[in-house]
Amino acid sequence: MLRFHFLFFLVISSFIAWPVVQAQTTKKPNVLFIAVDDLRPQLHAYGHAFMVTPNMDKLASQGRLFHHQYVQVPTCGASRYALLTGQWPKQNASLNNGAFALYRSGNAPKSLPQVMGEQGYVTVQMGKISHSPDGMWGDRTPEVVGGWQLLNTPSGQWKNSEAAFFGYEGGKTRTRGKSPPMEAADVPDEGYPDGIMAEAAVEQLKKLSESDKPFFFAVGFYKPHLPFCAPKKYWDLYDRAKIDISDVDPVTRAGGEFFGNYAHDASQAREDAYVRHLRHGYYAGTSFADAQVGKVLKALDDLKLSDNTIVILWGDHGYHLGELGIWGKHTLYEHSLRSAFIVRTPDMKQPGVATKSMIATIDIYPTIMELTGSPRPDHLDGQSFVSILKDPAATTNRPALGFWGDGESIRTKDHRLIRSGKSVELFDHRTDAGEKKNVAKDQPRVVEMMLKQMDEMLAQRKAK
């Protein structure tokens with residue numbers, strides 16, 4: 001009799017458990033989107049052997065690292081607007097850091113988080129995903145109207161997110177033009193804002209894991225954006241005397257963001273020791289950000305969420321660290337428009353195999369739509385690159401456009417062309433990866449072809 005009761009219990013239990021298992025296997029995949037501010041492809045995984053970025057490198061070994069991901073505008077707000085709308089910029093308002101005002105005026109298309117919410121996702125923003133450090137205007141209304149269901153950014157001892165974004169140790173924040181551009185305080189990770197961001201992100205993941213709904217969770221870390229502040233232990237990972245500055249050129253543009261906002265000037269960037277110090281700060285900030293990304297990814301594993309979560313890591317644009325004599329990002333050159341990008345899917349094909357196929361930031365929105373089985377909105381200019389996730393040798397066969405000021409750029413496999421007014425620059429990446437020599441006069445047929453291709457693409461931009 002006891003044997004019969006035991007068998008009966010097993011049979012009944014299996015019927016009771018079956019719907020639960022079925023629900024788990026048919027649940028839409030979660031999406032964890034990680035934005036890292038000012039992150040150029042300065043990772044060990046990108047071939048920079050001296051960089052200490054084990055967590056992003058591990059993600060690359062499990063997913064697909066993209067060597068050629070290009071943002072649309074080399075400034076935070078406009079680049080993120082292109083990301084969240086899936087559109088090429090088409091008006092002056094979408095070319096600067098005020099781009100998200102288009103949501104306030106009702107002149108913006110449905111955002112990625114809004115569409116994900118309509119598809120049954122719990123949508124959460126933490127940190128910098130749109131332009132402001134917490135996704136809110138000064139009057140505490142959301143930048144992305146109708147977008148995120150929850151905006152949840154910690155500010156800790158800095159009291160508010162704006163102060164935290166420019167945070168120094170001890171709750172201090174930047175005084176424009178007077179604060180140092182770097183700091184290496186001997187504090188734990190939580191002594192700087194990204195440390196408390198990572199802690200909060202882990203707690204948010206725990207809450208999301210308890211829901212039966214899929215989630216779209218976007219976390220935006222602040223570093224390595226200026227000021228180059230990071231705990232001393234991350235500075236200690238690098239020997240400043242060995243930092244290579246052979247590709248640094250004499251200063252040609254003293255950008256206000258880099259020099260005007262902090263207590264130093266462009267004349268110091270003519271001194272080798274100071275150039276090494278600046279690069280040291282950027283590298284330390286990158287390693288600090290890497291460690292915080294690692295905490296979030298570890299939590300994803302610990303919570304048994306990784307098997308059903310798409311992970312996307314994106315740098316919102318690139319950055320010049322003295323190349324072409326430029327410090328900062330506001331240019332149409334490769335160093336500004338190319339950023340770090342890694343994707344890992346639960347059913348990753350050929351994990352760890354990087355791709356040289358070219359994509360644009362506006363392609364992320366339609367790719368997420370396809371990966372989650374969601375209908376593609378009509379307003380998108382981007383195209384899905386799921387084929388590249390399945391096969392790193394696949395290609396979208398489309399150049400990337402870039403915009404800044406009155407200039408436009410088109411990047412193909414072999415060339416970059418920049419048009420600003422009547423001026424045209426052409427760079428041949430087959431022989432000049434650093435874009436040091438303008439060969440427009442030497443390759444007029446290429447110029448003609450690329451100008452025509454760029455104008456055709458510009459004409460195809462969709463309305464709101």
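# Briefing on a predicted structure

Arginine 140 is partly exposed, with a relative accessible area of 46%. In this model, which is predicted, the backbone at arginine 140 has a positive phi near 70°, although the residue is not a glycine.

**The largest pocket**

- The largest pocket holds about 870 Å³ of space, and of the 34 residues that line this pocket, those closest to its centre are His67, His68, Glu334, Arg338 and Arg411.
- By residue class, the lining of the largest pocket is made up of 13 charged, 13 polar and eight nonpolar residues.
- At least two lining residues come from each of strand S2 (64-70), helix H10 (272-302), helix H11 (334-337) and strand S12 (355-360), and it is S12 that gives the most, with three residues.

**Helix H3 and serine 79**

- Helix H3 (residues 76-85) is largely enclosed by the rest of the structure, because ten of its ten residues are buried; among them are Cys76, Arg80, Tyr81 and Thr85.
- The elements against which the buried residues of H3 pack are strand S1 (30-36), helix H4 (101-104), helix H5 (112-118), strand S8 (309-315) and helix H12 (364-371).
- Serine 79, which is found in helix H3, counts as buried at 0% relative accessibility.
- When neighbours within four places in sequence are left aside, the contacts of serine 79 are with Val71, Val73, Trp314, Asp316 and Thr361.
- Just after H3 comes glycine 86, where phi is positive at about 70°.

**Aromatic pairs and a charge over a ring**

- The whole structure contains 21 aromatic pairs, one of which joins phenylalanine 165 and phenylalanine 166: the ring centres are 4.8 Å apart and the planes lie at 85°, so this pair is edge-to-face.
- Phenylalanine 165 and phenylalanine 166 are both buried, and the relative accessible area of phenylalanine 165 is 5%.
- Phenylalanine 165 also forms an edge-to-face aromatic pair with tyrosine 222, at 5.0 Å centre to centre and with 75° between the planes.
- Because phenylalanine 165 lies in helix H6 (residues 161-165) and tyrosine 222 lies in the loop between strand S6 (215-221) and strand S7 (228-229), their pair ties together parts that are 57 residues apart in sequence.
- Tyrosine 222 is buried, with a relative accessible area of 1%.
- Arginine 174 is placed over the face of phenylalanine 166, at 3.8 Å from the ring centre.
- One aromatic cluster is formed by Phe228, Phe258, Phe259, Tyr282, Tyr319 and Trp327.

**Cis peptide bonds and positive phi values**

- Lysine 223 and proline 224 are joined by a cis peptide bond with omega of about 20°, and proline 224 has its place in the loop between S6 and S7.
- Leucine 226 and proline 227 are likewise joined by a cis peptide bond, here with omega of about -10°, and proline 227 is also located in the loop between S6 and S7.

**Arginine 40**

- Arginine 40, found in the loop between S1 and helix H2 (54-62), counts as buried at 8% relative accessibility, since that value is under the 20% limit.
- Leaving out residues up to four places away in sequence, arginine 40 touches Tyr282, His317, Gly318, Tyr319, His320, Leu321, Glu323, His335, Arg338, Ser339 and Ala340; of these, Tyr282 and Tyr319 belong to the aromatic cluster, and Arg338 is listed with the residues closest to the centre of the largest pocket.
- Arginine 40 and lysine 329 are 289 residues apart in sequence, while their C-alpha atoms are 9.8 Å apart in space.

Notes:
Residues numbered from 1 in each chain as written. Predicted model: local features only at pLDDT ≥ 70, side-chain atom pairs only at ≥ 80, totals over all residues. Heavy atoms only, no water. 1 Å grid on protein atoms, 1.4 Å probe; cavity = no way out; pocket = protein on both sides within 12 Å on 5 of 7 lines; lining within 4 Å. Points joined across faces, edges and corners; volume = space filled by probe spheres on them. Helix = DSSP H or I, 4+ residues; strand = E, 2+ residues; numbered from the N terminus. Nonpolar A, V, L, I, M, F, W, Y, C, P; charged D, E, K, R; others polar. Buried < 20%, exposed > 50% of the residue type's maximum accessible area, 1.4 Å probe, protein only. Contact = heavy atoms within 4.5 Å. Phe/Tyr/Trp six-rings, centres within 6.5 Å; stacked < 30°, edge-to-face > 60°. Lys NZ or Arg CZ within 6 Å of the ring centre and 35° of its normal.
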